[in-house]
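Here's a quick tour of a structure, written for someone who likes to know the cut-offs. Have a look at it first.

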Amino acid sequence: MKPIYSEVVTPNGDTVIIALYDNGVMLSIPMDEANSDYQAYLNKDKAEQSTPIVTNEAKTK
Amino acid sequence: MATSPNYGWLEPDNTDLVKNGALAIRTLGNAIDTTMATMTPKSTVTTKGDLVAATAASTPARLAVGNNGETLVADSSTTTGLRWQGSYTAGKNRILNGSMDIAQRGTSISVGSASYTYTLDRWKCYSGNSATTVSQNTSAPTGFNYSLKLQRPNANTGTNALSIVQIIESANVVQLQGQTATISFYLKKGANYSGGNISIQVLSGTVADQGGDPYSWTGLTVPINDSSYSPTTSFVRLPYSGTIPSGAKELAVAISYTPTGTAGADDAIYITGVQLEAGAVTSYQTATGTIQGELAACQRYYTLWASGNSQPIGMGTYLNTTQVNGSISLPVEMRTTPTISIVTGTDYYKASSGGGGTDTLNSLTLDTCSTRAIRFYNASEAAGTSGQAAVLTTNNAAAFLAFQAEL
């Protein structure tokens with residue numbers, strides 16, 4: 001489930017990323033490179049997951 | 001006659017003439033034999049590291065060597081009065097919530113298709129199937145309260161692998177660089193398990209705290225990679241060792257199985273006691289030693305603040321007639337500036353101010369934050385008196401507020 005992203009400027013003057021999901025969950029994401037939600041926002045147009053390395057039984061993740 | 005210096009055996013004097021020599025030799029031999037019978041034979045110890053301990057006065061016995069990393073403690077209830085005991089070494093275990101005690105997000109989490117979803121604290125799940133369930137389960141080996149149950153739901157026909165993954169923060173990885181490390185855990189299968197062998201992998205990356213999907217990490221290697229174990233319906237402790245690359249900046253542990261056919265009611269694996277440590281396997285211990293410590297360690301990555309109706313959030317202030325702000329000091333410093341995660345809905349939150357006025361709000365949004373504190377606001381539904389204080393609470397059973405700084 002991918003969210004709808006938007007950027008808002010807060011009353012404090014910070015820019016925050018808002019991620020809104022269909023189920024009503026809303027994320028307020030600070031623009032911090034170390035924040036994984038911000039990384040997901042930056043990479044939102046990339047394929048969601050790569051193909052993992054797996055062993056005999058776990059052929060796909 | 002003379003006597004020997006230590007045991008007093010009778011011996012001829014240096015100047016004695018040879019007389020009754022055979023008797024003298026026999027007397028000496030018997031004395032030696034009597035003494036030796038009181039001594040502990042070397043066959044008492046049979047294994048490297050064995051010790052000799054007394055079970056009573058003048059009664060020595062073998063005390064078998066303990067396990068790696070254990071220390072010897074006195075214990076009057078044992079035969080020898082001694083006992084080997086696993087010693088607590090702070091930080092030995094690099095896995096947080098390895099005993100699956102902490103479940104801030106809930107005790108049963110539904111995981112959708114092809115997207116990592118956090119479940120029990122620090123553990124995230126991935127599967128290409130349409131649905132997967134991860135839950136905290138009370139089936140656990142002695143010494144544990146819970147296991148993590150990784151399950152393909154009943155009647156599900158997906159045959160992609162189900163994986164449970166924990167990413168370890170770089171600051172807790174670098175000490176293992178270039179060393180042999182061992183991942184160990186207890187595992188059993190459910191009654192309707194449909195998979196084959198379990199897959200266990202330790203993944204390594206060369207860039208600090210990339211997070212996300214570990215299979216996409218820069219410099220990815222797999223220093224521990226095994227799929228030789230066929231699970232049973234009883235918990236078995238499984239250790240696997242490998243050498244962590246000298247350039248490792250990030251590690252992840254992934255445990256997976258691949259189901260077949262259509263799922264029965266208990267198509268699952270149960271996992272607990274997960275430990276990643278330097279060197280050979282030793283007895284399990286949590287990373288911090290206490291439930292309090294484990295919770296605080298997990299809160300560095302995720303902090304549940306309020307869930308359900310009428311839960312307190314904190315104090316706020318109307319900065320003007322259409323904006324109410326609140327601030328929270330986080331219980332522990334988080335890994336990075338956190339995301340606010342809430343569930344939005346009509347009147348899900350409220351601000352109660354002086355004179356009994358109540359202002360209902362649909363959401364709360366991040367205003368600014370550090371790793372230690374968060375300031376949030378509502379400027380959409382807020383309608384109050386500028387300068388007035390307000391008590392902020394949830395106002396709906398589905399309301400929810402958490403902070404996350406996961407990898």
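What pattern does chain A follow when read along the sequence? The answer is β-β-β-α, from one helix and three strands; helices (H or I) are DSSP runs of at least four residues and strands (E) of at least two, numbered from the N terminus. Of the 61 residues in chain A, 36% are buried, that is, under 20% relative accessible area with a 1.4 Å probe and protein chains only; exposed is over 50% and partly exposed in between.

A word on ground rules: this is a predicted model, where local features need pLDDT of at least 70, side-chain atom pairs count only at pLDDT 80 or more, and totals for chains, interfaces and linings use all residues. Residues are numbered from 1 along each chain, chains are lettered from A in the order written, and side-chain values use heavy atoms without hydrogens or water.

Now for the second largest pocket, which holds about 240 Å³ of space. A pocket here is an open set of points on a 1 Å grid where a 1.4 Å probe fits, with protein on both sides within 12 Å along at least five of seven lines; lining residues have an atom within 4 Å of a point. Among the 16 lining residues, B:Met1, B:Pro12, B:Lys19, B:Asn20 and B:Ala24 sit closest to the centre. α1(B) gives the most to the lining, six residues.

| Lining class | Count |
|---|---|
| nonpolar | nine residues |
| polar | three residues |

Definitions and conventions
Points joined across faces, edges and corners; volume = space filled by probe spheres on them. Nonpolar A, V, L, I, M, F, W, Y, C, P; charged D, E, K, R; others polar.
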